Amino acid sequence: MYKIAVMPGDGTGPEVVSEGLKVLEKVSKIYGFKYETVSFDCGGERYLKTGKTITDEEIERLKTFDAIYLGAIGHPDVKPGILEQGILLKTRFALDQYINLRPVRLYNDSFCPLKDKKESDIDFVVVRENSEGLYKGMGEFQAKNTKDEVALQISYNTRKGVERCIRYAFEYARKRNKKKTLTLCGKTNVLTYAWDLWQRTFNEVAREYSDIKTDYAHVDATTMWFVKNPEWFDVIVTDNMFGDIITDLGAMIQGGMGIAAGGNINPQGVSMFEPIGGSAPKYTGKNVINPLAAICALSMLLDVLGEEKAAASVENAVIKIVKTKLKSLAAGKMGYSTTEVGDLVAANLVEKEHVFE
Ligand code: IPM
Ligand code: MN
């Protein structure tokens with residue numbers, strides 16, 4: 001019996017999460033596993049009523065679950081930063097979800113904004129460090145509000161933090177078993193402390209993975225190659241800030257925020273899965289938002305629970321409807337409503353042989 005914490009959150013979060021849960025119910029019957037869900041009401045609405053983001057008690061309770069399924073955090077009436085830091089980042093840090101895993105895969109080449117790219121050209125995974133770097137929040141103001149003001153924002157990189165992320169990425173490249181190539185994405189030519197540590201650690205760990213080819217790309221060049229030669233990439237490992245930036249570009253080349261999912265992973269603890277597109281307030285309650293990113297996040301969640309066949313079945317159903325049914329991946333243009341897209345995925349889950357053995 002899996003215990004899944006569900007945090008629908010703000011905006012279109014609840015709508016997309018409910019389609020994911022629809023798919024979960026169906027796939028659990030096909031693959032014969034049991035689960036229970038417990039809902040957490042963290043988000044902008046509750047914050048506006050109570051001033052609470054996510055409480056320490058809630059964090060403690062989350063630690064007792066097998067996984068967390070998140071919709072979206074962000075509310076137009078709440079000052080930017082409060083919910084992001086108070087809920088999303090607090091949970092990532094408190095549960096030590098030190099990996100942010102973001103697959104970039106094109107399911108239908110007609111939804112790719114790049115010219116002449118096929119589905120097989122866009123199929124890579126970004127392993128983003130998720131607990132350190134600029135996100136650590138270290139820094140200070142000096143001479144605040146004077147004409148001599150200085151603002152420091154420090155990128156905090158520990159050998160242990162960098163190494164565990166790089167190790168995860170090597171293991172992932174091995175398990176993924178595709179091009180077996182790991183690219184370190186950094187900025188060694190300018191950020192000579194942080195990226196020296198990353199590069200040295202990368203080179204050392206690489207010696208233990210002689211089956212994995214290694215490569216290095218500066219972050220600026222990486223964005224260029226995402227557009228020009230995305231087919232070069234297999235697995236990319238990078239720090240928190242660069243990972244944040246390049247995965248939005250990754251989402252665009254795979255067809256947009258409607259399909260992009262990610263996992264905040266603690267390999268030894270509780271992981272949290274989310275569509276990466278945000279709360280999309282203007283589409284809220286209209287039954288037009290694309291739930292596929294949330295459904296892909298569910299597939300990642302199942303994979304981490306160890307339900308690999310169920311995870312693959314969900315992803316395959318998504319691929320099938322993206323290839324054969326949807327007119328677009330954008331909100332309001334899919335040719336189907338949010339709930340209809342969820343129904344289509346549920347209806348296309350394939351029962352595999354040997355499932356009940
Ligand atoms: C993301 C988001 C978050 C981040 C924000 C909302 C704090 O952009 O998950 O990529 O910067 O990590
Ligand atoms: Mn982001």
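Visitor: How many bridges join strand S1 to strand S3?
Guide: This is a predicted model. S1 covers residues 2-9 and S3 covers residues 67-72. The two run parallel. Joining them are 5 bridges.

Visitor: What is the order of the strands in the open sheet?
Guide: The sheet has 10 strands, and the pairing is mixed. From one strand to the next, the twist averages 20°. The order reads S2-S1-S3-S12-S11-S4-S5-S10-S8-S9.

Visitor: Which strands stand at the edges?
Guide: An edge strand here has a single partner, so one of its sides is left without a neighbour in the sheet. Residues 35-39 form one such strand and residues 213-218 the other. They are S2 and S9.

Visitor: What angle does the direction of helix H7 make with that of S9?
Guide: H7, residues 219-228, packs on the sheet. Its contacts are S5, S8, S9 and S10. With the direction of S9 it makes about 105°.

Visitor: Is Asn 145 buried or exposed?
Guide: Asn 145 lies in the loop between S6 and S7. Its phi is positive, about 65°, although it is not a glycine. Exposed means over 50% relative accessible area. Asn 145 has 69%, so it is exposed.

Note on methods
Residues numbered from 1 in each chain as written. Chains lettered and ligands numbered in written order. Predicted model: local features only at pLDDT ≥ 70, side-chain atom pairs only at ≥ 80, totals over all residues. Heavy atoms only, no water. Pairing = 2+ DSSP bridges. Helix = DSSP H or I, 4+ residues; strand = E, 2+ residues; numbered from the N terminus. Axes fitted to C-alpha atoms, helices over the stretch in contact; angles between N-to-C directions. Contact = heavy atoms within 4.5 Å. Buried < 20%, exposed > 50% of the residue type's maximum accessible area, 1.4 Å probe, protein only.
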